[in-house]
Amino acid sequence: MASVDRSIERSNQEGGGELSFWQRTKRTRTAYLYLVPAFFVMAIITFYPIGYQFWMSLTDFGARSVNPYAKTYVAPKYVGFDNYTKILNNDIKKIDADLNTFNFWRILGFNLWWTFSNVIFHVGLGIIIAVVLNIEGLWFKRIYRAIYILPMVLPQLVIATVWRNMFDAQSGAVNLGLAAVGRLFNANPDSFHIRWLQQIEDPIPGIPLPLSYFAMLIANIWLGWPFMTIVATGALQSIPKELYEAASIDGATGIQQFWKITLPLLRPAMVPATILGIITTFNLFYIIYFISEGGPLGRTEILVTQAYKLIQGNSLYGIGAAFSVYMFVILGAISAITAKISRVAESYDA
Amino acid sequence: MLDTATNEVSTAPRKGLFARGRGSGRQISPWQQLMLQAFCLIVAISVLFPIMWIVSMSLEGRDYQRPSTLQVLPSKITFDAYQAVIEQPTSASSPVSFWRLALNSFYLAAGVSFFSVLIGVSAAYAFSRFEFTGRKWLFLSIGFILLMPSIATLAPLFAMLSRIQASWTIYKLIYFGVGGVMLIGTLLIAVNRLREGEITLRSGSLIALGLAVGALLIYGGISVDPDAKGQFNLRTSLYGVGFAMISGALPFAIWNLKGYLDTIPKELEEAAIIDGASPNQIFFRIVLPLATPALAVTAFLGFMSGWTEFALSFQFINVPENYTLAMALRTMTGQYATVPWSKFSAMSMMISIPVSVVYLMLQKYIVGGLTLGGVKG
């Protein structure tokens, strides 16, 4: 729009020679006018609550401080940074029996690992399937494309609840399917009552991840790769075919072409999509809350689900607010890091 | 790199030595075709498996408790389970009807998406087309809020909205006031139009709509009984949940619409400026009409997230008559749910189908927008 700005400036200058401050800022004022409705609403329901949240995090705001008109009302008391230190020292375990597995650093560590492991699979599978679907001469491409988009189309809430029942120990489709396969090999069908979501012992010795993590990993891979495939397909179709022809003339094998042509040219599209994937997976509420509910023993809890439980289940509004402030800081750091990485990737392209 | 490649191709004797029946790409052998088909088929089956499972369970009838064998194709086709959900969506102790739940979800989703697109589009226009002081920082602040899950401001919103309570009499008066103004206003316009004899189909239907909405509001005011309901609490009402949801939907709408508006070519606007159009005229006469598909897609995405919103509703609403579909689905899931799984499946299907069908129809626009507006900014 720079040219329009210039043309307006030009017409202004033609009109009146010297511009007063009022005239010079005309466009800024018009812009602000367009911003007023949105920022007015956001001031009330977004920015003010963020400030209010900080105040709440410095108090012992509890269930009885919610309703100021009730007889049992207790005004929240200022406690300084108590809530913050309690969270870091895991002292809030002692408040409620529900919280006796609370461990801030474990939750943060699991959240980061959860994000990393999921996004790796999403991007890897997404690119592989996009490349396969892009192969010339492959039959039924359109049918496959139509099927592969389905996980994106369904509401996440429904996907999460359905996978919760899929992993049910007694009647879930996963165990029943395994039993059906086992029957082919004369295995005892009763041996397939795997308690996917409740089993406490780690399935792989030496790796401290519960079985429910692997169950949710399967569910979330199912949910996440189609988005990456769609992004990658768009980028693949814009790669000129002549590049591959030239490479094969020069004697490059298919695998060499993939590493030297396909991947580098996919990167500009995949980097922003990966960042989006990192942020959404980091905050993926529905899958964790509905499938494992953070269990067993709170070991698959991530920051969002723990914050929700502090507020929703335990009515610890002050501590929940402090926990959310930590979330703001952590997410800010992650987005700063990813922005930096994407900038490095961009400069590498140029 | 690209230039040298095309040069080589044009100089290479492609037609002779390297001709493989096609202009480009590698031709795959039957063996490769077989392997790739197997791969694609496995992926397709893995995608369809949960979907087929839930579809076939939903067709099993109302008393199909839990499966004991794996079944991805229905043994019979009956819509009993769907009927059972409509008759009694949750447990017998909860008196909410299915239509009440669906209407609540619809009101929330439609209201939130309409409102956030309505006020989001003007902000998106400002970010897309104006250079002004603080543009970068204001836009980054929106991006930062977009990163935050809605749960990150749950505690303060809960506390703030809980403080707003009033007698239902005030609520009733608001209904009467707004409804009355609408009725009288539309009537005045109608009388005026009638006297001038200028009633067209369009103005006539608008007048009818105004009268109908006004009458509905008045009826709503009459039907509210302040004595029976105690206090009106903003937090437990759908309005409160709606406010909280807009706090997440509005930044998304601004961000998404700005991405779309950036792709609308500016030549038309430049031509309009030369013709002496003001920024307002450009916005209403040129940008808004061109952005209609983008508005529809953004509104739909807002609708979809509102239609299945769970976390805020579950925390805020404690009045059964305000429960939503997502909250009802929650009671049907999990270890201790006693609902037959055919009913759970039918409920999942009924929640998914309306939004999924629209998603598939808008797919082309949505995918383009997600990758473009969502990330590149």
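Residues are numbered from 1 along each chain as its sequence is written, and chains are lettered from A in the order in which they are written. In this predicted model, local features need pLDDT of at least 70, whereas totals for linings use all residues.

The second largest pocket holds about 1,700 Å³ of space (a pocket is an open set of points on a 1 Å grid over the protein atoms alone where a 1.4 Å probe fits, with protein on both sides within 12 Å along at least five of seven lines; lining residues have an atom within 4 Å of a point). Among its 39 lining residues, Tyr107(B), Tyr171(B), Tyr175(B), Leu238(B) and Tyr239(B) are the closest to its centre. Helix 5 (98–129) of chain B is one of the elements that each supply at least two lining residues, and with ten residues helix 5 of chain B gives the largest share (helices are DSSP runs of H or I, at least four residues, numbered from the N terminus). Domain 1 (87–164 + 234–376) and domain 2 (168–228) of chain B each contribute at least three residues to this lining, the domain bounds being taken from an automatic or database domain assignment.

In chain A, positive phi values occur at Phe140(A), near 60°, and at Leu297(A), near 55°. Most residues other than glycine have a negative phi. Phe140(A) lies in the loop between helix 5 (104–133) and helix 6 (141–148), and Leu297(A) in the loop between helix 13 (285–292) and helix 14 (303–313). Phe140(A) is partly exposed, with a relative accessible area of 48% (partly exposed lies between buried, under 20%, and exposed, over 50%, with a 1.4 Å probe and protein chains only).

Conventions
Predicted model: local features only at pLDDT ≥ 70, side-chain atom pairs only at ≥ 80, totals over all residues. Heavy atoms only, no water. Points joined across faces, edges and corners; volume = space filled by probe spheres on them.
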